[in-house]
Amino acid sequence: MPAIAEVGVFAVDPTAPDPLAAPALAGLDEFYRRHGFVVLRGLYPAEFLDRLERECGEAQQAVLAGTVSERYGSTQYLDARYLDRAGQPSATAPSERASNGTTHGSADVEAYVNYVEHVEELSPAVREAATHPLMVELLRRLLGADVWMSPSENAGVVYQDARPGRESGYSRIGWHSDWQAMPSLDVWPGSAFTLHVDATSPANGFLRVVPGSHRWATPAPYRNINNVAVPADARPSGGYTDAEPPYEMPLGFEKIPGEIAVYAERGDLLLHDAYLWHSAARATENATTRRHVRAGYYSGDPASYRDQFIKNAAR
Ligand SMILES: [Fe+2]
């Protein structure tokens, strides 16, 4: 019987002659196809992770200080209540600019940067990680030979620093599938990679997934908690089969029958399908961070890619 803990975790030895052919990875493809995610452990050496962490921290500081272009900052993923507190995105001088391009406003909110977009342009380590040959080979196996990454001129790779403190505009996210954010595009199927800088736990927050939900025909988010309009050209549903989901996707953070927690160690690489239902639980300890870098890989038509972001998930 497989162990209950750390289900879906596959250890890889990148120094082996043919790492992806190792017996330890024998069940990986089947696990992904059946459950919609896998965690690859051991791909990155400790020194590499230290460098990536340092470079991402420097990029984050540069956004906060306004010493890099505003295009590296982002407000689109933040909790709307934070944006209301902190004021609207500002076109003022960088010195007056606070977190993620927002101004301080009248509320006593400290400046903070939860996101750096296109971070691969600022961090060579992120660029290396995002194009790691073993990861790309594995994605080809799982999605098809012609996989390609979210283009740099669009979001590219995103550095995310989730934390629960008052200064933070991002601490958690409600149920969604990544497909629902771009339902008009023909870039699917796809998969997101998440390289964990911090190990995850109930203390600093963690991923919740519904194994097998990538196989359901999940509707576009016509009904969503943010009352965001879904465009008329959205595909009605996204998933690997025509099977109707056994439950409606909850609008917030409700318990779903069959959901599990996926905990990660520092350096773990999570691959999850873009059709998979997932959410992220908020930290229970205040002085914690949950940092990672992530991007989307796609196997559909690159020519159909454009900026679309239906912000349907609860924050
Ligand atoms: Fe997501």
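In helix α2, the buried residues are L52, C56, A59, Q60 and V63, where buried denotes 20 or more other C-beta atoms within 10 Å of the residue's own, exposed 12 or fewer, and partly exposed in between, with C-beta atoms placed from the backbone. Seen down the axis of α2, these buried residues fall within an arc of 100 degrees, so they line one face of the helix; the arc is taken over the directions from the helix axis to the C-beta atoms. The model is predicted: local features need pLDDT of at least 70 and side-chain atom pairs pLDDT 80 or more, whereas totals for chains, interfaces and linings use all residues. Residues are numbered from 1 along each chain as its sequence is written.

The face of α2 turned away from the buried side carries the exposed residues A46, E47, D50 and R54. The buried residues of α2 pack against β3 (115-116), α4 (124-130), β5 (158-162) and β14 (290-298), contact being C-beta atoms, placed from the backbone, within 7 Å. Helices (H or I, at least four residues) and strands (E, at least two) are DSSP runs, numbered from the N terminus.

Helix α2 comprises 20 residues (46-65); at 1.5 Å a residue these should span 28 Å, which agrees with the 29 Å between its end C-alpha atoms. The expected span is 1.5 Å times one less than the number of residues. G66 follows α2 and has a positive phi, near 75 degrees.

Strand β13 (residues 278-281) runs antiparallel to β6 (residues 173-176), joined by two bridges, and antiparallel to β8 (residues 206-209), joined by four bridges. Pairing requires at least two DSSP bridges between two strands. A280 in β13 stands opposite I173 and also opposite L207.

Note on methods: Contact = placed C-beta atoms within 7 Å.
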